[in-house]
Amino acid sequence: MAEINFKLLFEQLPSPYMVLDADLRFVAANPAYLAVTMRRWDELEGQNVFEMFPEPGENGRLLAASFQRVLQSGQADTLAYLPYAIAIPDRNGGGLAYRYWSAVHTPLPGPDGRTAFILQNAVDVTDLVSAEAGAALPFGQIPEATSLLQRAQETALLKEQAAREAEEFRRLFQDAPSMIAVLSGPDHRFTFANDAITSFLGGRVLVGSALRDSLPDIAAQSFMDWLDQVYRNGEPVSGNSVPIHVERPGSGRVDLFVDFAFHPIFADDGSVKGVFVQGMDRTVDVEAERRQRILLDELNHRVKNTLATVHSIAKQTLKDSESPAIARASFEARIMALSHAHDLLSRSSWAGADLRTILTRELNPYGPGRADLEGDPVRLAPRAAVALGMVAHELATNAAKFGALSTGTGRIMAKWRLDTAKSGKTLNLAWRELGGPVVAPPSRRGFGSRLIAMSLEGELGGTTDLRFDPDGVTCEISIPYEDDAPHENA
Amino acid sequence: MKTPEVLLGLKVFVVEDEAIIAMMLEDMLTDLGCSVIGPCTGMKQAQEMLAGSETPNVAILDVNVGGEQVYPVASVLAERGVPLVFATGYGSVGLAEQWRSRVTVQKPYTQDDIARALDAALAG
């Protein structure tokens, strides 16, 4: 059997053919093509088609788009009707030839299987178009070829217009800040997924695969049932701030919240053919709401606790006091002591308060020079700050009533230091009244003594030794100390 | 409100981490004719005291104890059949699901509130 010479066949084809490489440079052209374009091969060889035949307008764009589609998809592309002017060489008289073409672009694979060349068959249909123009005159006859062309022309225009609109919508959806996807069929196969939903789901490839295959994590949640429901009933389903967990490739499981709406997409016969998915990541808002709720709960808790504390102080002050006047004065003073401790803490956003500042605040009312305070700066955690503030207040008022601060010459000496042992740090504080009257032990255990024991030993887990020695009250306090005040709930 | 007879002589286990509030609760219970086990101001102390003391007749538990939740202590008491009262600034919504049906008393509370809560816990 004789072999066909394809080169010769290409040369002999009566219809114009040419071949471009992926950079749209001429690789081959048959004599029919050279004739219709009025060019010699040495003029075309290696030239870019758009440099050779420039067309800055819409039709140039259409032709370029068709080439790109072929290169990207590896599929043939048809331009049924393309007006495209080409320059007439000077040797043929110069000027522009207004031509109408019908072109088919066919991909030719290179050695690696990818599209390396485009084969163009471009038929010059200018004569047919001119005949059509004549047919538009009154009583004109429309030849068969013209009406065929007209149909091709209209179809091409509609197709192009629809494609352009679809492309515009696709781009809008693609870049939209909310999540958008189109699912098709009963297995919810992705036919579209925009950037927002793709990145939300961890960058997985979605288009082309069924939800169960591409997103097993999502398919295992209620979303799958809701999609099935929309597909089955043709009724939309939506939800607000719905918890969702996503297994993002590389970063693992994340727990998030979404607003979503699933709407049915109907076929012409009224059956459901797919689901339109919209979604919005609401995680940030949900977390902000949750934080706010926790803060409000915490605030409520603290307010109630503070009220209970004030209630307790009132009740015990009234019980212990000899007269309403004394009760009123000591109640006010105790509330002020509590308030002072809170003031110091709120200044540091409840991070802690300085021991010296707390003691100074409670001893200041008795005048300058009545107290010797010795110790390194020690920052107390909120709980310890409030407790020591209240204890200092009780010790100072007791000294003012019965002890060293009840005379003009007595003084208070308070010394403290931090001791470090294996078990941790301890704050040791010694309170001593000096130069006061002879002290007699109290007849009963009052609020102050109970508070010292209950708050420093019980609440703070320390030890105390309160002694009513004749030459002055002493109180040795030892409480566990933590450098980094841990988070506390009052 | 007159002290209900049923409260007289009851041994009440108390967990309350705020010293000043604990002092008041101790006074209230003493006034009601009860004896107080505690008050425990920390979880560790509460667990130790629970292990070393005879079974109380009833318990009043602050929910939030020094940043910890009181439930481990509540569980031990519940296993031993001790009626429980939870004291909280949140009311019953501040309780974990499994304890919501228990008697709660909301801070700040009065002596009458405590008497009623103990009564309800003992009856329930």
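Reader: What percentage of the 490 residues in chain A do buried residues make up?

Author: They make up 28%. Bear in mind that this is a predicted model. The secondary structure of chain A comes to 16 helices and 17 strands.

Reader: What share of the contacts in chain A between residues at least 6 apart in sequence join residues at least 24 apart?

Author: The share is 50%.

Reader: Now the sheets. In what order do the strands of the open antiparallel sheet of chain A run?

Author: Five strands make up this sheet, in the order β2-β1-β5-β4-β3 of chain A. To find the edges, look for strands that pair on one side only. Here they are β2 (26-29) and β3 (77-87) of chain A. On average, neighbouring strands of this sheet are turned by 30 degrees against each other, direction ignored.

Reader: How many bridges join β3(A) to β4(A)?

Author: Nine, and the two strands run antiparallel; β4(A) covers residues 96-109. A:Y84 has A:R99 in β4(A) as its bridge partner.

Reader: Which helix packs on this sheet?

Author: Helix α5 (residues 58-73) of chain A does. It touches β3, β4 and β5 (115-124) of chain A, and its direction makes about 135 degrees with that of β3(A).

Reader: Where do the side chains of a regular strand point?

Author: They alternate between the two faces of the sheet.

Reader: Next, the mixed sheet. What is its strand order?

Author: The order is β12-β14-β15-β17-β16 in chain A, and the sheet is open. β12 (371-374) and β16 (463-469) of chain A are its edge strands, each pairing on one side only. Neighbouring strands are turned by 10 degrees against each other on average, ignoring direction.

Reader: How many bridges does β16(A) form with β17(A)?

Author: Seven, in the antiparallel sense; β17(A) spans residues 472-481.

Reader: How should I read a helix pair? At what angle do α14(A) and α15(A) pack?

Author: Take the angle, then the distance between axes. For α14(A) and α15(A), residues 382-402, the angle is about 30 degrees and the axes are 9 Å apart. Angles under 35 degrees count as roughly parallel, so α14(A) and α15(A) are roughly parallel to each other. The crossing of α14(A) past α15(A) is right-handed.

Reader: Which residues make the contact?

Author: From α14(A) come A:L355, A:I358, A:L359, A:E362 and A:L363. From α15(A) come A:A385, A:L388, A:G389, A:A392, A:H393 and A:A396. The contact divides into eight nonpolar residues, two polar and one charged.

Reader: Let us turn to a hairpin. How many residues lie between β9(A) and β10(A)?

Author: Five. In the turn, A:G270 has a positive phi of about 90 degrees. The strands, β9 (residues 252-266) and β10 of chain A, pair antiparallel over nine bridges. A:F260 stands opposite A:G279 in β10(A).

Reader: Which residue in β10(A) is the bridge partner of A:M179?

Author: A:G279. Six bridges join β6 (residues 179-184) to β10 (residues 272-281) of chain A, and these strands run antiparallel.

Reader: Why does A:P264 count as partly exposed?

Author: Because A:P264 has 19 C-beta neighbours inside 10 Å, and a residue is buried if the number is 20 or more. A:P264 lies in strand β9 of chain A. Leaving aside neighbours within four places in sequence, its contacts are A:V230, A:G234, A:P236, A:V272 and A:V275. A:P236 is 28 residues away along the chain, yet the two C-alpha atoms are separated by 6.2 Å.

Reader: Last, the interface. How many residues of chain B are in contact with chain A?

Author: 18, and they meet 24 residues of chain A. Helix α1 (residues 19-31) of chain B gives the largest share of chain B's side, seven residues. That side divides into nine nonpolar, five polar and four charged residues.

How values were computed:
Residues are numbered from 1 along each chain as its sequence is written. Chains are lettered from A and ligands numbered from 1 in the order in which they are written. This is a predicted model: local features need pLDDT of at least 70, side-chain atom pairs count only at pLDDT 80 or more; totals for chains, interfaces and linings use all residues. Two residues are in contact if their C-beta atoms, placed from the backbone, lie within 7 Å. Helices (H or I, at least four residues) and strands (E, at least two) are DSSP runs, numbered from the N terminus. Ala, Val, Leu, Ile, Met, Phe, Trp, Tyr, Cys and Pro count as nonpolar, Asp, Glu, Lys and Arg as charged, and the others, Gly among them, as polar. Two strands pair if DSSP finds at least two bridges between them. Axes are lines fitted to C-alpha atoms, for helices over the stretch in contact, and angles run from 0 to 180 degrees between N-to-C directions. Angles under 35 degrees count as roughly parallel, over 145 as roughly antiparallel, 65 to 115 as roughly perpendicular and the rest as oblique. A crossing is left-handed if the near helix is turned anticlockwise from the far one by less than a right angle, and right-handed if clockwise. A residue is buried if 20 or more other C-beta atoms lie within 10 Å of its own, exposed if 12 or fewer, and partly exposed in between; C-beta atoms are placed from the backbone.
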